[in-house]
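Hi everyone, thanks for making time this morning. Please have a look at the model on the screen, and then I'll walk you through how it is put together.

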Amino acid sequence: MIEYERPDAGEYQPGVCNIGPAEIERRRRVGYAGLAAAVGLGALLLFLGAPAWSRLAVAAPMTAALSGFIQARCKFCAGYGMAGLQNMGEMGEEQRVEQDAARRADRNRALRIHAASIIGGLLVGIAFWRVRV
C-alpha cells in the first residue's frame, strides 16, 4: 500500500519526499512516543483487569506510532502533504507547494499514509482486544 522510495536527502519530490532530516527525526520521535504510549496503556489495562473491549483503546496511540514511523521511513509528512507544504530545511521553514499537480500527488500520498496508519492501528487494537488473559 505504501511505497518506501528512498529519495536523495534534501530534495523535494512531489508525492515522494517532502521533509528533510530534522522533520524526519521529529516523525521518528512521534513514532517512539506513540509506541511507548500504546505499550504503557496496554500494560495498564491488563494490570487493572479492564474489560476486554477497553483494550481497543490501544488503537489510538498505535495509530500515532505507525503514522510517525511511516512518515519517517517515507520521508514524507502527511500533514504537510494535505496542507500543500514541504520542508526540506530546518524546523519551521515550511514552504508552500505551488504546482497543482505536485499538491495533488502530495495529497494522495498523505491519504495513503493516513489510511495505512489507521488500518494498522485498528488491527493492533483488535488483536489486543482478542488476546485471552
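**Helix packing and salt bridges**

Let's start with a pair of helices: α1, residues 21-48, and α2, residues 59-74, pack at an angle of about 155° with their axes 7 Å apart. Axes here are lines fitted to C-alpha atoms, for helices over the stretch in contact, and angles run from 0 to 180 degrees between N-to-C directions. Helices (H or I, at least four residues) and strands (E, at least two) are DSSP runs, numbered from the N terminus.

Before going further, a word on where this comes from. This is a predicted model, in which local features need pLDDT of at least 70 and side-chain atom pairs count only at pLDDT 80 or more, while totals for chains, interfaces and linings use all residues. Residues are numbered from 1 along each chain as its sequence is written, and side-chain values use heavy atoms, with hydrogens and water left out.

Back to the pair. From that angle, α1 and α2 are therefore roughly antiparallel to each other; the convention is under 35 degrees for roughly parallel, over 145 for roughly antiparallel, 65 to 115 for roughly perpendicular, and oblique for the rest. Their crossing is left-handed, meaning that the near helix is turned anticlockwise from the far one by less than a right angle, with clockwise giving right-handed. The residues in contact (heavy atoms within 4.5 Å) include I24, R27, G31, L35 and L41 of α1 and P61, A65, F69 and A72 of α2. By class, the contact of α1 with α2 has 13 nonpolar, four polar and two charged residues. For the classes, Ala, Val, Leu, Ile, Met, Phe, Trp, Tyr, Cys and Pro count as nonpolar, Asp, Glu, Lys and Arg as charged, and the others, Gly among them, as polar.

Now, how do α2 and α4 pack? Here the angle is about 140° and the axes are 8 Å apart, so α2 and α4 are oblique to each other. The crossing of α2 and α4 is right-handed. Among the residues making this contact are A59, M62, L66 and I70 of α2, and R109, I113, G120 and V124 of α4. By class, the α2 and α4 contact has 10 nonpolar, seven polar and one charged residues.

On to the charges. How many salt bridges does a search of the whole structure find? Four, with a salt bridge taken as a side-chain nitrogen of Lys or Arg within 4 Å of a carboxyl oxygen of Asp or Glu. As background, side chains of opposite charge can pair when their charged atoms come close.

E23 meets R26 at 3.6 Å, N to O, and E23 meets R27 at 2.7 Å, N to O. E23 and R26 are three residues apart in helix α1, about one turn of the helix. E23 and R27 are four residues apart in helix α1, again about one helical turn.

Are these residues buried or exposed? Buried means under 20% relative accessible area, exposed over 50%, and partly exposed in between (1.4 Å probe, protein chains only). E23 is buried at 0% and R27 is buried at 8%, whereas R26 is partly exposed at 36%. R27 also touches I19, G68, F69, Q71, A72, C77 and Y80, leaving aside residues up to four places away in sequence.

E23 has a neighbour to point out as well. N87, in the loop between β1 (85-86) and β2 (95-96), counts as buried at 1% relative accessibility. With residues up to four places away in sequence left out, N87 touches E23, N18, I19, G20, Y80, G92, E93 and E94.

D100 is partly exposed, at 46%, while R103 counts as buried at 15%.

Finally, the whole chain. The protein has four helices and two strands, running α-α-α-β-β-α from the N terminus on. Its C-alpha atoms fill a box of roughly 50 × 25 × 20 Å along the principal axes. Of the 133 residues, 41% count as buried. Among contacts with a separation of 6 or more, 78% come from residues 24 or more positions apart.
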